[in-house]
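Visitor: I'd like to learn how to read a few features off a model. Could you walk me through them, with the general idea before each case?

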Amino acid sequence: QLTYCSLDDNNHLRMDCKYAVPAESESEVYCKYTQGETRLLDTTFPDEEQHAPFKKRAKVRLFPGNICRLLFKNLPNGKSNFTCNIKQGDSATVTKSTVVEKKLLLPCSAWSVLLQSCSGLLLTLMTLPMLLEIHWL
């Protein structure tokens, strides 16, 4: 699952790639983000090196809760394609891609991430108690 938002007035992108890990697995997880097939933005793979033009613009880190986060500075205008690649042990690499349009980015906040990442049903269930309270006022 990929979620994204903007930092610093849409100039910087934060993208979270949430992945599942089998409960019995103990092998290390590696993550990388690419643009297209060959443009490596950054990676946690020890045997791969970050593409030189992105050394000061992109940073990838793993976070608790099975999240691989990309921080990307100076997002260009227009649309950009990002791919998250997750690999664990000897298993196949799992990829997920999305297109980000800079002018449509929401600022990073709990609310924007919630709107982007959960279904309408969950959002309705979360707001229902608040709506009921307003009705009773």
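Visitor: Is C68 buried or exposed?
Guide: The general idea is a cut-off on relative accessible area: buried is under 20%, exposed is over 50%, and partly exposed is in between, with a 1.4 Å probe and protein chains only. Here C68 is buried, with a relative accessible area of 0%. C31 is buried too, again at 0%. Before we go on, note that this is a predicted model, where local features need pLDDT of at least 70, side-chain atom pairs count only at pLDDT 80 or more, and totals for chains, interfaces and linings use all residues. Residues are numbered from 1 along each chain as its sequence is written, and side-chain values use heavy atoms, with hydrogens and water left out.

Visitor: What do C31 and C68 form?
Guide: A disulfide, meaning a pair of cysteine sulfur atoms within 2.5 Å. For C31 and C68 the sulfur atoms are 1.8 Å apart. The torsion about their S-S bond is about -85 degrees, so this disulfide is left-handed. C31 sits in strand β3 (residues 29-35) and C68 in strand β6 (residues 67-72), so to speak distant parts of the chain, 37 residues apart. Helices (H or I, at least four residues) and strands (E, at least two) are DSSP runs, numbered from the N terminus.

Visitor: How many disulfides does the rule give?
Guide: Three. Counting bonded cysteines along the chain, the pattern is 1-6, 2-5, 3-4.

Visitor: Which way is the link of C17 and C84 handed?
Guide: Left-handed, with -95 degrees about the S-S bond. C17 lies in strand β2 (residues 12-18) and C84 in strand β7 (residues 79-88), so the pair ties together parts 67 residues apart in sequence. Their sulfur atoms are 2.2 Å apart. C17 is buried at 4%, and C84 is buried at 1%.

Visitor: And how far apart are the sulfur atoms of C5 and C108?
Guide: They are 1.9 Å apart. This link is right-handed, with 90 degrees about the S-S bond. It joins C5 in strand β1 (residues 2-7) to C108 in the loop between β8 (94-101) and α1 (110-117), 103 residues apart. C5 counts as buried at 1%, whereas C108 is partly exposed at 24%.

Visitor: Now the sheet. In what order do the four strands of the open sheet come?
Guide: Strands pair if DSSP finds at least two bridges between them. Here the order is β4-β3-β7-β8, and the pairing is antiparallel. β4 (39-43) and β8 stand at the edges with a single partner strand each, so one side of each has no neighbour in the sheet. The β3 and β4 pairing runs over four bridges, and K32 stands opposite T43 in β4.

Visitor: What volume does the largest pocket have?
Guide: Rolling a probe the size of a water molecule over the atoms shows where empty space is left. On a 1 Å grid over the protein atoms alone, a pocket is an open set of points where a 1.4 Å probe fits, with protein on both sides within 12 Å along at least five of seven lines; lining residues have an atom within 4 Å of a point. The largest pocket has a volume of about 170 Å³, the space filled by probe spheres set on the points, which are joined across faces, edges and corners. It is lined by 16 residues, with Y19, A20, I86, K87 and V94 nearest its centre. β7 gives the most to that lining, four residues.
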